[in-house]
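Open the model in your viewer and keep the selection tool at hand. The tour goes from one stop to the next, saying what to select and what is there.

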Amino acid sequence: MAEVKKLFMVDDDEDLLALLKLKLEKTGKYQVVNTTDGSKAVHLATEESPDLIVLDIDMPHMDGGTVANTLSESEHTKDIPVLFLSSLVSKEDVAQSKGVIGGRNMASKGGSVQDLIDRIESMFQ
Amino acid sequence: MKVDSSNKQKVLIVDDTPENILILMETLKNEYAIVAAKNGEKALQLANADPVPDIILLDIMMPGMDGYEVCERLKANDKTKDIPVIFITAKTEEEDEIKGFNLGAVDYITKPISPPKVQARVRIHLALKNARKMLEMQNEELIEAAKLKEDVDGIMRHDLKSPLNSIISLPQIILEDKSLDPEHAKSLKIIEEAGFRMLNMINLSLDLFKMERGVYPFQPVSVDILKIIKKIVSETEGVARTKNILFNIMNGENNITDDDSFHVMGEELLCYSVLSNLIKNAVEASPEGETVSITLDDKENGSISVHNQGVVPEEIRDKFFEKYVTSGKSGGTGLGTYSAKLIAETQGGQINLHTSEKDGTTITICLPLDQSQSSKDLGFQTDKKIATQQEDEETQLERLPPLHVLIVDDDAFNIKILEKFLNHPNIVTDSSENGKVALQKLDSTEYDLVLMDMEMPVMDGLTAVDEIRKREEQRHKGTEAQRDKGDGLSVKLNRLPVIALSAHDDPESRQKCLEVGFTDFLTKPVDKMRLLNTLLRFINTDTDHEAFKSSQSIEDELETDTRQLGEDKEDKYFVELDGDLRDLIPDFLDNKRTDLESIQEALGSKDFDGLRKMGHKLKGSFHMYGFTNISNICHEIEEAAKEQDEKVIENNLEVLRDYLDNVVIEYIGGN
C-alpha cells in the first residue's frame, strides 16, 4: 500500500474545501488539511511539512501569491510543492500550457474535480 | 519635515556640492517646496516619492552615478519620465548639451549660478509642464465626450426600442376589439403611427451615419412609392392647408387613379424618409396659394419629381445638397437635403435640383424600377395585381394548416404580444422563458415553428438553436442509417424553422444568427403583418418539413413515456450531481443563499469590486460542485460588475435565486 500523502488546501471558499477534502480522501491516497487563512497555512506548513499545498490565488488577508512567496523564503518550507487552483485561469489555458503558467503550477476551477485529482496525482509522479 | 509643501510645487535639486544646493535653495525656496539630494542614488529615491517632484535641477558631474545616468533612469521609469529635468553644469561645450537634450533634458543652466536666470527658467518650464498637462486633460475629455456620444447613440437605438414595442404593438391588439368606439380607434391609430415614426427616426439616425461611411447594408426590395407618397401627403395636408397649398400627384401626363401603384427597388423606410423630407420642404418653400406637384415617371428609371413655385436662393444653389447648407428656415439643420442625397445614392439612385425664377423649383429623384413587377418593365401597374396579392395572403391565412408554434422569450410581456398576434383558430402557441426550457419542450412536444429571443438568461438563443441543430443532425443520422438498411435511399436533413427575434439589426448580428442555424431573423419590435408573412413563408414552402414531421412522429411515439414525465416538471431545474456530495449539498445550498444575500447587499451599496469578487468566487464554487450552468451566470455577474451594470447583475441574481429555490438534484453513484 502506497504511503498516504498529506495535502494542505488553502481557499476562502469553505464549500469548495469541504468538497475537495471529501473527494480527495475518498481516493485513499491523501490526508487533507483545510484552512481558509493564508497566514495560518504558512504556520501550519512550517510545523507539519505537507507533501503538497493547493492554494487559491484570490483570497482576502493574504493572497495565494504571497503565501507561496512566504513559503519559498523559509528554509523549512521552500521545497514543498505548490499547486495554484483558481478560476482566474481557464481549463483551456491550463491545458495549453501543460499546467505551468508563469513558472507556477496551475489548475483551473473551471475544470472538474476529477481533473484536479488527476493533476494532484501527476504532481507526485 | 513636510513644510507647507501642500500647495507649492516641488523642486528637486541634485548636486554633490553643498554650496550649490544652498544657493539654489535660497533662490527658489520662496516660491517652491524644495527637496535636495547629494548623489544620484538619493536623487532617484526622492524622484520616486509621492508626490513626484514637479521639476528636477540636476548636476552632471557627480561622483558615482553622474547626472546623465540619473536622467536616463528617470526617463526609463513611467512614474518619473514626465518630470522636466534641467541640467546644471560647468560645462558649456555644445557636445555635452546635445548629449543632455538627447537624454530628455528640457534645458541647461551653467555655473556659476545666476539666481534670476534660474528662477526664470524654472518658472517657464513649470508653466510649460502645466500647459501640457492641461492639454492632455482636455484631450482625454474630448475622447471621452466622443465615446459618450457613441454610447448615447447605441443606447438610443436599443433602449428606446423596448418601450416602443408596447407603443406599437398594443394599439394593434386593442384595435382587434371590434366593439371599439371609432374615435378611440382613430386615436389608437395615431399612437401606433407615432410609434412607427419614432422607431423610424431612431433607425434612420444611425443609418445615415453608416451611409456617410459607405457601410450601410442596403437590402433592396420592391417598394410602392405611390403608397408612400399618399401617406406623406395625408400627413402633410394639415400644414399645407394653413398655407392654402394644394397637392397634385401625376402619373406622367395623367392624373393618378386609385388603382395605380409605382414600384421601385429600394427600402421602404429610406424612400419614406427621403420623400417625406422633399415634400415637406416643398410645402414650406412654396408661396401661399400655389400647388405642390409630385410627378412620377417610369421612362428609364423610376423618377419622382417634387415641384413648387418657390425659388432656391442663388447663393446656395451650387451647394444645395451639401451638409449644413440651409437658407431662410429658422431651426433648419441643413441636413435634410444632404441626407436626401445620401439616401438616394445609397439606393443606387440620383438626386437633381432644377430651380429658376420662371419655373420654380423641381427636385427629382431617380431610383431603379422594380423589373419583376411588370412584364413591360413598367413601374406602374394597376391595383388588380396588388389586390390579388393581398387576397392571396388572406386566403393563405384562412387556409393555414394547423400549426404548433413555440415562443421562447424571457419577457412575459413579449410572449403575450406574440401570442396575440398569432391569435388564429389554426395556430396553437406555447411558450418557454429561456433556451433551456425550450429544448426540454422540443424534446417532448412536436412544433412546426419556433420564435426565439436572442438574449435570455440561463441559455440564450444562439446556444439553443445550435443545440437544436445538433440534435437534428443526430436524429438525421439515426433515420438515415435505418433507411439505408431498407431501400438505400438517402434522406434529406430536415430542419425545424427557428426564427430569431432580436433587438439588434446590424448585418453582423443577422449574419451570425443565420450562420449558427436560425432560419430567419426578425427585428424587434415585431408587427403583426411582418410576423405572419414570415410564418407563411416558412410554413407553405417548406414541404420537406412535412416529411420531417412524419419521420419525427415515429420517434416521438417511442418516446411518449419520457415526454409525459417531462411535462410535469416544467418549472423545476434538474441537475445531476456526484452522489458523494449528497451530505455536503444542504449546507452548500444554504451557504450559497447567504452568498446571494451578500451580493444583494453589495449591489445595494454599489460595491462593484466586492460584487466582482463574489461573482468570481461563486463561479468556481458552483462549477466544482457540478452546477455548470449556474457557474456561467456567476461569470456574467463578475463581468457585469466590471462594467458596473447593475441591471444585468440584478437579473442574474434573480436567476440564481430562482434556481436555488427550484433546483431538483439527482445523485449519480456514490454511497
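A salt bridge is a side-chain nitrogen of Lys or Arg within 4 Å of a carboxyl oxygen of Asp or Glu. Keep in mind throughout that this is a predicted model.

**Stop 1: a salt bridge inside chain A**

Select Asp11(A) and Lys109(A). They form a salt bridge, with the closest N and O atoms 2.9 Å apart. Asp11(A) sits in the loop between β1 (5-10) and α1 of chain A, and Lys109(A) in the loop between β6 (104-108) and α5 of chain A, so this pair ties together parts that are 98 residues apart in sequence. Are these two residues buried or exposed? Both Asp11(A) and Lys109(A) are buried.

For the structure as a whole, a search finds 37 salt bridges over all chains.

**Stop 2: the interface of chain A and chain B**

Colour the two chains differently and look at where they meet. How many residues does each chain give to the contact? Chain A gives 22 residues and chain B gives 18 residues. The area buried between chain A and chain B is about 1,600 Å², and carbon and sulfur atoms give 55% of that area. Select Asp15(A), Leu19(A) and Ser87(A): these residues supply 32% of the area that chain A buries against chain B, more than any other three residues.

Next, look for charged and polar pairs. Across the interface of chain A and chain B there are seven salt bridges. There are also eleven residue pairs in polar contact across this interface. Which elements of chain A give two or more residues to the side that touches chain B? They are α1 (14-26) and α5 (113-123) of chain A. Select α1(A) to see the largest share of this side, seven residues. By type, the residues of the side of chain A that touches chain B divide into eight nonpolar, five polar and nine charged.

Stay at the interface and select Asp580(B) and Lys23(A). These residues form a salt bridge, the closest N and O atoms being 2.5 Å apart. The pair crosses between chains: Asp580(B) is in the loop between β20 (573-578) and α20 (585-604) of chain B, while Lys23(A) is in helix α1 of chain A. Asp580(B) and Lys23(A) are both buried.

**Stop 3: chain B and one of its helices**

Chain B has 23 helices and 21 strands. Of its 671 residues, 43% are buried. Among the contacts in chain B with a separation of 6 or more, 68% are between residues 24 or more positions apart.

Select Lys613(B) and Asp609(B). Their side chains meet in a salt bridge of 3.5 Å, N to O. The two residues are four apart in helix α21 of chain B, so about one helical turn separates them. Lys613(B) is partly exposed, at 38% relative accessibility, and Asp609(B) is also partly exposed, at 41%.

**Stop 4: aromatic rings**

A search of the whole structure finds ten aromatic pairs over all chains. Select Phe320(B) and Phe321(B) for one of them: the pair is edge-to-face, 5.0 Å centre to centre, with 80° between the planes. Phe320(B) is buried at 12% relative accessible area, and Phe321(B) is buried at 13%.

Then select Phe627(B) and Tyr659(B). Why does this pair count as edge-to-face? Planes over 60 degrees apart count as edge-to-face. The ring planes of Phe627(B) and Tyr659(B) are at 85°, with the centres 6.2 Å apart, so the pair is edge-to-face. Phe627(B) lies in the loop between α21 (608-625) and α22 (628-643) of chain B, and Tyr659(B) in helix α23 (residues 646-662), 32 residues apart. Phe627(B) is buried, with a relative accessible area of 0%, and Tyr659(B) is buried, with 8%.

Terms used
Residues are numbered from 1 along each chain as its sequence is written. Chains are lettered from A and ligands numbered from 1 in the order in which they are written. This is a predicted model: local features need pLDDT of at least 70, side-chain atom pairs count only at pLDDT 80 or more; totals for chains, interfaces and linings use all residues. Side-chain values use heavy atoms; hydrogens and water are left out. Contact means heavy atoms within 4.5 Å. Buried area is the accessible area (1.4 Å probe) that two parts lose on being put together, summed over both. A polar contact is a pair of N or O atoms within 3.5 Å; within protein, one must be able to donate a hydrogen and the other to accept it, and residues adjacent in sequence count only if both atoms are side-chain atoms. Ala, Val, Leu, Ile, Met, Phe, Trp, Tyr, Cys and Pro count as nonpolar, Asp, Glu, Lys and Arg as charged, and the others, Gly among them, as polar. Rings of Phe, Tyr and Trp (its six-membered ring) pair if their centres lie within 6.5 Å; planes under 30 degrees apart count as stacked, over 60 as edge-to-face and the rest as tilted. Buried means under 20% relative accessible area, exposed over 50%, partly exposed in between (1.4 Å probe, protein chains only).
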